[in-house]
Amino acid sequence: MHRFWTVPELVDYALEEADPLAWPVMARVCQSFWAPASQLIWCHQRRFSNLLRLLPEEHRNVDRGFNYETGCLEYVDFIGDLQAADCTRLRQYASFVKYLEMRLDQTNYKALLQLHMHLNGEVLLPRLHKLEVEISFSEPGLISVQESRHIVDLLLGPSLTEIGWQHKEGWEASDEMAPAFFTRLQALPQLLYLRWEATTFPESAEESLHSFLSTAPHLDGFELSARDLPHATIRSASEVPDLRTASFSGFPNAEPSDPSPLPFPFPYLEELRFSGTRAGLDVALRQISAPQLGSLTIAIRLGNVTSNNILGALEDSQRFPALTTLVFHNYRLSPGDLDTVVTLKNLKVLRLHLCWTGPTSTFWPAWVVRKLAQSLHELEVLVLGDGCGFPADVAISLPELECLAKHCPKLERLFVATDARGMDTFDQPLVPHPTLWKVGLGHSEIDQHETEIGRVIYQLWPNLAEEFVISKALDDLTAAKSAWVPVWEEVARLRSIDLEAITSYLIVADREGAI
């Protein structure tokens, strides 16, 4: 062997530059490669089942099959009782793991309990940086509070910087595990991001959650999703000094027991996501003040009631002065909501739905589009409705598209539902929209007017770089794209004519000395 390979730094560099699929082969080349290659293999493996395969054969059962969620072709289940010697190999290689995805259920939680016992309370994965856990049991009562604490202590090590912890619907064990989980998080000084999900937030975990948020100096962002998430979480989250992103989902309808007369300050918050009932979101929005908040996403999960305007808090320009992105998911705006939206003059990105009553409840009135266009001159991205696949009665007509060209000079991307109504007969000069370079159009009926529609599109959007038609039904996607091909071909033809005219002018002008 060449002396080159006796230098550990050079071996490490060569392995890191190699294809990961080659690491197992290189580990078998020689002794110099075995240790660093093996370490790299385990650093980058992500499945807990691979660790279980390190147990003796009598303690594991391999069930071959296909998992639609992970794509795994086999499952490894734990069986029997472990002795301390049985854990040696697993413990050795677990110390290299940095990223892990695992499912905690009735088949493997006993293995974790026995590992906790044989490791004498030590962390199984001391170098782990990112952990994704999905918890689901087939029946209630399988795991106790004490056992939950052991598993949490075993998995959550001091090197963790990102955690995803999801209690799936069913017997999710959140009541038993959540208090121990949030208590353990207080001992993770390097944690930067947390995502925690459950069906319902257990009252027993409120105190430990608030203690964690109040003592998380380096936390950069978090997502909390569960029904009956306590409103007091906002107060605790405001104590995180460097919080940049936050997502709250599931606030109850009731007012907090001790409402604050002033909103809680989030001095560095840049991105905020809310989900839940209208009444719950109304309470939550009124409790926050974020001078650097740039992006706000709102989703209604329960009770789509239109009687109140939950966006009233946004009218206070002192609370969210930097807001430039407003996104709504599964939330249909009331007229009062729309009045608030058009006061946000600095918006650059807007995605919204409408919610009207009466026979035109799914129709985009012309005055709504015009009101948005005439009020929000800084818009760069606009998505109306789903932006695609609507029936004709919710399509935005040609005059409204031209209105956006007149009043939104910075608009670059537009996603609307339209069937190109009026484009085939429109013969007036159009106000061009030169900044618009990407447009998404709903499923449209061309009706043999490809040339006329292509001419209008070229006049309206002369610098279009990406154009496409999306159908809501996947079966219609190919047909929708095919129907629009002649339209885009006409647009390309018009562009080439203009390009030839410009080129000819430049050649003539150059010969005459004009340039």
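Student: Is H433 buried or exposed?

Tutor: In this predicted model, local features need pLDDT of at least 70, side-chain atom pairs count only at pLDDT 80 or more, and totals for chains, interfaces and linings use all residues. Residues are numbered from 1 along each chain as its sequence is written, and side-chain values use heavy atoms, with hydrogens and water left out. H433 counts as buried because its relative accessibility is 2%; buried means under 20% relative accessible area, exposed over 50% and partly exposed in between, with a 1.4 Å probe and protein chains only.

Student: Where does H433 lie?

Tutor: H433 lies in the loop between β16 (413–416) and β17 (438–442). Strands (E, at least two residues) and helices (H or I, at least four) are DSSP runs, numbered from the N terminus.

Student: What is H433 in contact with?

Tutor: Apart from its neighbours within four places in sequence, H433 is in contact with L404, A405, C408, L411, L460, W461 and P462. Contact means heavy atoms within 4.5 Å. A polar atom of the H433 side chain also lies 2.8 Å from the backbone oxygen of C408.

Student: Which loop holds R319?

Tutor: R319 is in the loop between β12 (295–302) and β13 (325–333). With 10% relative accessibility, R319 counts as buried. A polar atom of the R319 side chain lies 3.3 Å from the backbone oxygen of R286. Beyond four places in sequence, the contacts of R319 include P263, L285, Q287, I288 and A313.

Student: And F264, where is that found?

Tutor: F264 is found in strand β9 (residues 264–265). F264 is buried, because its relative accessible area is 11%. Leaving aside neighbours within four places in sequence, F264 is in contact with I234, R235, S238, Q287, I288 and S289.

Student: How many residues apart in sequence are F264 and E239?

Tutor: They are 25 residues apart in sequence, and the C-alpha to C-alpha separation of F264 and E239 is 9.1 Å.

Student: In what sense do β3 and β4 pair?

Tutor: β3 and β4 (residues 130–135) pair in the parallel sense, over six bridges; two strands pair if DSSP finds at least two bridges between them. L131 in β4 is the bridge partner of L100. From β3 the chain crosses through helix α6 (residues 109–118) to β4, in a right-handed β-α-β crossover. Right-handed means that, with the strands pointing away from the viewer, the path from the first strand over the helix to the second runs clockwise.

Student: At what angle do α13 and α14 cross?

Tutor: The axes of α13 (residues 366–375) and α14 (residues 398–407) cross at roughly 10 degrees and come within 9 Å. Axes are lines fitted to C-alpha atoms, for helices over the stretch in contact, and angles run from 0 to 180 degrees between N-to-C directions. The two helices, α13 and α14, are therefore roughly parallel, a term for angles under 35 degrees.

Student: Which residues meet there?

Tutor: A366, V369, R370, A373 and Q374 in α13 meet P399, E400, C403, L404 and H407 in α14.

Conventions: Polar contact = N/O pair within 3.5 Å; in protein donor to acceptor, adjacent residues only side chain to side chain. Parallel < 35°, antiparallel > 145°, perpendicular 65-115°, else oblique.
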